[in-house]
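Have a look at the structure first.

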Amino acid sequence: MIKLLIVDDQNIVRNVLSDTFKDDPTIKVVGTAANANEAQKLVESLRPDVISLDVVMPGMSGIEFLNWLMPKYPTPVIMLSTFTQSGADATLAALSYGAVDFVQKPDGSESDFLRMLKELTTKIKKYGTEVKLQKQSLFAKTTKLKFNEEKNNRIKIIAIGASTGGTQAIDYLLSRLPSNLPPIVIVQHMPEYFTSLFAMRLKTTSGLNVIEASNGDILETGGVYLAPGDKHLLVRRLAGKMYLELETFEKVSGHRPSVDVMFDSIAKGKMGNHCLAIILTGMGRDGASGIKNIRTAGGTTIGQDEKSSVVYGMPKEAFLLGGINHQTALVDIPQKIIQILET
């Protein structure tokens, strides 16, 4: 049975969530807290398997709570996020500090309230059984690596795919990478609106030219292009230039944007042998077949290893399928990127 701790400053939210799970045989609410200070004491005594945490609370912030929690009691935390920009900003910050996922609070309608309960229940069950976090301190993000462009004669594009835990991993990678690399395209499973804020956050934390991708963007050296929520990102080539197409066809591997769609567009567009593809932490198998296709086309591939992954799902499936050249810990991937480019 999954032990759940509910942390929310609204009494009605705590009561409704407790009532929702009281008849679920797989989830047991072991405690509720009105603020992060109360939550600290309950974590130490109850050791929950999953924590639902309100994004904005009085007193100790969610970020401060995560900073305390993750080094001592690494626990999957699902943030309850509001639709406001401040709520979205706080959610993205929480994800970068160790929260594994978020669920948007309802807009006031009964149907959206039921949507929130269903989504939260699904994620509690997934993270309560499939995610075992390791104790870790936050990574230092100040040391920029150097890259000698003259040594790179092969790699023309870097493609990165990620899901659960990916916001923190991508933030770490970009913060270490220099600004003169080949163009980087990224698919991170994330809904609309959040991707534009995530791109802005990455631009600030990394110092790189990170943008939310637009249809027709021409890929430039030093540019970082993040797939928008609810749109597939495809890389195309014309007259020696690479550019982006955004599409809204059906979900692939259960997602839109899909990592498989991005990787396949590179492999099938005869750019695979000039690509360095990287698959990071994430639940499921999106990206596994696509990265295998890039490797088969002559590209070089990196998969995040099990120990450093929040969820060793996507990288594991890619590895088992034979799509990975180098299985690497997250902290070592930036240096591995430079090494591959300069070889």
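Predicted model: local features only at pLDDT ≥ 70, side-chain atom pairs only at ≥ 80, totals over all residues.

Residues are numbered from 1 along each chain as its sequence is written, and side-chain values use heavy atoms, leaving out hydrogens and water.

**Nonpolar cores**
- A nonpolar core is a set of buried Ala, Val, Leu, Ile, Met, Phe, Trp, Tyr and Cys residues joined through side-chain atoms within 4.5 Å; buried means under 20% relative accessible area, exposed over 50%, and partly exposed in between (1.4 Å probe, protein chains only).
- The largest core has 82 residues, and F65, I158 and L174 touch the most other members.
- Setting aside neighbours within four places in sequence, I158 is in contact (heavy atoms within 4.5 Å) with L181, P182, P183, I184, V185, L276, I278, I337 and L341.
- Another core lies apart from it, with 28 residues, including L219 and A288.

**Helix α11**
- Helices (H or I, at least four residues) and strands (E, at least two) are DSSP runs, numbered from the N terminus.
- In α11 (residues 333-341), 7 of the 9 residues are buried, so the helix is largely enclosed by the rest of the structure.
- Those buried residues are I333, P334, K336, I337, I338, I340 and L341.
- They pack against β6, α6, β12, β13 and β14.

**Two helix pairs**
- Axes are lines fitted to C-alpha atoms, for helices over the stretch in contact, and angles run from 0 to 180 degrees between N-to-C directions.
- α8 (residues 259-268) and α9 (residues 288-296) pack at about 20°, with axes 7 Å apart.
- That makes α8 roughly parallel to α9 (angles under 35 degrees count as roughly parallel, over 145 as roughly antiparallel, 65 to 115 as roughly perpendicular and the rest as oblique).
- On the α8 side, the contact is made by D260, F263, D264, I266 and A267.
- α6 (166-176) and α7 (residues 194-206) pack at about 35°, with axes 9 Å apart.
- Their contact uses T167, I170, D171, L174 and S175 of α6 and F198, L202, T205 and S206 of α7.

**Loop residue L145**
- L145 sits in the loop between α5 and β6, and at 13% relative accessibility it counts as buried.
- Not counting residues up to four places away in sequence, L145 touches R176, P178, P334, Q335 and I338.
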